[in-house]
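Please walk through the model below with its ligand and its charged side chains in mind. The explanation starts with a term that is needed for reading one of the contacts.

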Amino acid sequence: MSAKENWPSEKISPEELLKMAREAADRAYVPYSRFHVGAAMLFENDEVIKSCNVENASYGITICAERAGVVIMISQGKKNPLAVAVAGSHEDSDDYFKVECPPCGACRQALMEFNKDMLVVMASKGEAKVYELKKLLPHSFTLDPDY
Ligand code: THU
């Protein structure tokens, strides 16, 4: 399943957005898992927000890269994310960033809140693949009885 034909930007390609997610992953604070994740969220006018995962000695309060991106987005007064690229890998991996790093279920739900038509870019064998968020999280939770 590829949603590349619906890509919303002429200036920033899925490959470029994925590259930005990889750059963001370099900044991850991951002393416990050593698993770096970066997200790059694309908005209208080709604006991009980069975010990474931030771990804590109290493991359960770790924040994923994608949800960190949502917090930055709202804090900066931005709306309607069009797409998000996610890249990640363990520090020791040979395939650093070549393997898919699908957003976890909680992050899919968090992203759905802000645009049900959002596209999600992931690396697959070194290539950028584009997915539809609503297909990655069918039947998501909503308070809207008409959705
Ligand atoms: N992680 C993310 O940043 N995003 C996800 O969608 C799944 C997992 C992080 C959390 C933790 O710091 C590390 O990956 C290993 O679970």
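A salt bridge is counted here when a side-chain nitrogen of Lys or Arg lies within 4 Å of a carboxyl oxygen of Asp or Glu. In this predicted model, lysine 50 and glutamate 23 form such a salt bridge, with their closest N and O atoms 2.8 Å apart. Side chains of opposite charge can pair when their charged atoms come close. Across the structure there are nine salt bridges.

The ligand is the next place to look, and the space that it takes is the largest pocket. Around the ligand stand Ser33, Phe35, Val37, Asn53, Glu55, Thr62, Cys64, Ala65, Glu66, Pro103 and Cys104; sorted by class, this shell has six nonpolar, three polar and two charged residues. Strand β1 (35-42) and helix α2 (65-75) each supply at least two residues of the shell.

Which side chains bring a polar atom to an oxygen atom of the ligand? In glutamate 55, a side-chain N or O atom is 2.5 Å from a ligand oxygen, while for asparagine 53 a polar side-chain atom lies 2.9 Å from an oxygen atom of the ligand, and for glutamate 66 the corresponding distance to a ligand oxygen is 2.8 Å. Taken alone, the ligand exposes 370 Å², of which the protein buries 77%.

Definitions and conventions:
Residues numbered from 1 in each chain as written. Predicted model: local features only at pLDDT ≥ 70, side-chain atom pairs only at ≥ 80, totals over all residues. Heavy atoms only, no water. Near = heavy atom within 4 Å. Polar contact = N/O pair within 3.5 Å; in protein donor to acceptor, adjacent residues only side chain to side chain. Areas by Shrake-Rupley, 256 points an atom, 1.4 Å probe, with all protein chains shown as cover. 1 Å grid on protein atoms, 1.4 Å probe; cavity = no way out; pocket = protein on both sides within 12 Å on 5 of 7 lines; lining within 4 Å. Sits in = over half its atoms within 2 Å of the grid points. Helix = DSSP H or I, 4+ residues; strand = E, 2+ residues; numbered from the N terminus. Nonpolar A, V, L, I, M, F, W, Y, C, P; charged D, E, K, R; others polar.
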